[in-house]
Amino acid sequence: MVSDSTCIGQTDTPDETKRLAETLAACLHPGDVVLLTGDLGAGKTQFVQGVARGLGLDDQVTSPTFNILQSYENDVTELHHFDLYRLEDDEELDDIGYFEVLEDGGVSFVEWAEKFPEAIPDDYLQLTFIVEPDGTRTVEAAAEGDRSEMLLRAWREEL
Ligand code: ADP
Ligand code: MG
């Protein structure tokens with residue numbers, strides 16, 4: 001069972017969202033999978049940009065909506081950023097090598113995984129981005145599986 005969602009933070013600006021993401025980046029281990037949920041424009045891609053910054057990946061992370069997958073690497077780490085918004089059916093997950101990429105030893109962030117039950121791995125951290133009426137973003141987190149529970153605990157200590 002996925003753990004109850006708990007509030008991780010509230011951010012007033014895109015840069016605050018990125019700084020929150022940098023605190024998660026510090027806790028990541030190879031193979032970790034993070035699913036990002038929330039409306040279009042909620043801040044999921046901004047968050048992944050912050051993770052990239054935290055991992056020391058200089059490449060500019062843009063929205064992978066048109067590519068489905070963008071990967072970034074340096075000598076120490078690799079970041080995979082999926083956006084499944086434009087994927088039409090779950091057979092395409094195989095075509096894009098989704099399952100292999102998740103297991104290739106990098107860290108993976110996936111937007112719109114909830115569109116496809118098959119795209120949900122056994123163990124993942126789930127982040128939910130909520131746009132509040134005043135425009136601030138609330139970020140909630142829940143963990144499914146032992147490794148993501150450890151990741152969430154480590155992140156909370158980092159905050
Ligand atoms: P998503 O990937 O969820 O569709 P993006 O991260 O691409 O969304 O875009 C979020 C948009 O919201 C950006 O234009 C960003 O400037 C804006 N924004 C405003 N406030 C925030 C905030 N607190 N956190 C993240 N983005 C914000
Ligand atoms: Mg996005």
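# A tour of the ring cluster and the magnesium site

Select F47, F129 and W155: ring pairs link these residues into a cluster. The model on screen is a predicted one. A search of the whole structure finds five aromatic pairs, and two of them are visited here.

**First stop: F47 and F129.** Keep these two residues in view. How far apart are the ring centres of F47 and F129, and at what angle are the planes? The centres are 5.5 Å apart and the planes are at 70 degrees, so the pair counts as edge-to-face. Now colour helix α2, which holds F47, and strand β6 (residues 124-131), which holds F129. The pair ties together parts that are 82 residues apart in sequence, because its members lie in these two elements. F47 and F129 are both buried.

**Second stop: F47 and W155.** Stay on F47 and turn to W155. This aromatic pair is also edge-to-face, with 6.3 Å from centre to centre and 70 degrees between the planes. W155 belongs to helix α5 (residues 146-158) while F47 lies in helix α2, so the contact ties together parts that are 108 residues apart in sequence. Are these two residues buried or exposed? F47 has 0% relative accessibility and so counts as buried. W155 is buried as well, with a relative accessible area of 0%.

Select ligand 2, the magnesium ion. Which residues coordinate it? They are T45, through OG1, and E111, through OE, at 2.2 Å. T45 is in helix α2 (residues 44-54) and E111 is in strand β5 (residues 107-111). The pair thus links distant parts of the chain, 66 residues apart. Next, check how accessible each residue is. T45 has 17% relative accessibility; the cut-off for buried is under 20%, so T45 counts as buried. E111 is buried too, with a relative accessible area of 3%.

Move to the loop between β5 and β6, where W112 is found. Look at the backbone here. Most residues other than glycine have a negative phi. W112 is not a glycine, yet its phi is positive, at about 65 degrees. At 15% relative accessibility, W112 counts as buried.

**Last stop: K115 and Y85.** Select both residues and look at the ring of Y85. Where does K115 lie relative to this ring? K115 lies over the face of Y85, at 5.9 Å from the ring centre.

How values were computed: Residues numbered from 1 in each chain as written. Chains lettered and ligands numbered in written order. Predicted model: local features only at pLDDT ≥ 70, side-chain atom pairs only at ≥ 80, totals over all residues. Heavy atoms only, no water. Donors = N, O, S within 2.8 Å, 3.2 Å for Na, K, Ca; no water. Helix = DSSP H or I, 4+ residues; strand = E, 2+ residues; numbered from the N terminus. Buried < 20%, exposed > 50% of the residue type's maximum accessible area, 1.4 Å probe, protein only. Phe/Tyr/Trp six-rings, centres within 6.5 Å; stacked < 30°, edge-to-face > 60°. Lys NZ or Arg CZ within 6 Å of the ring centre and 35° of its normal.
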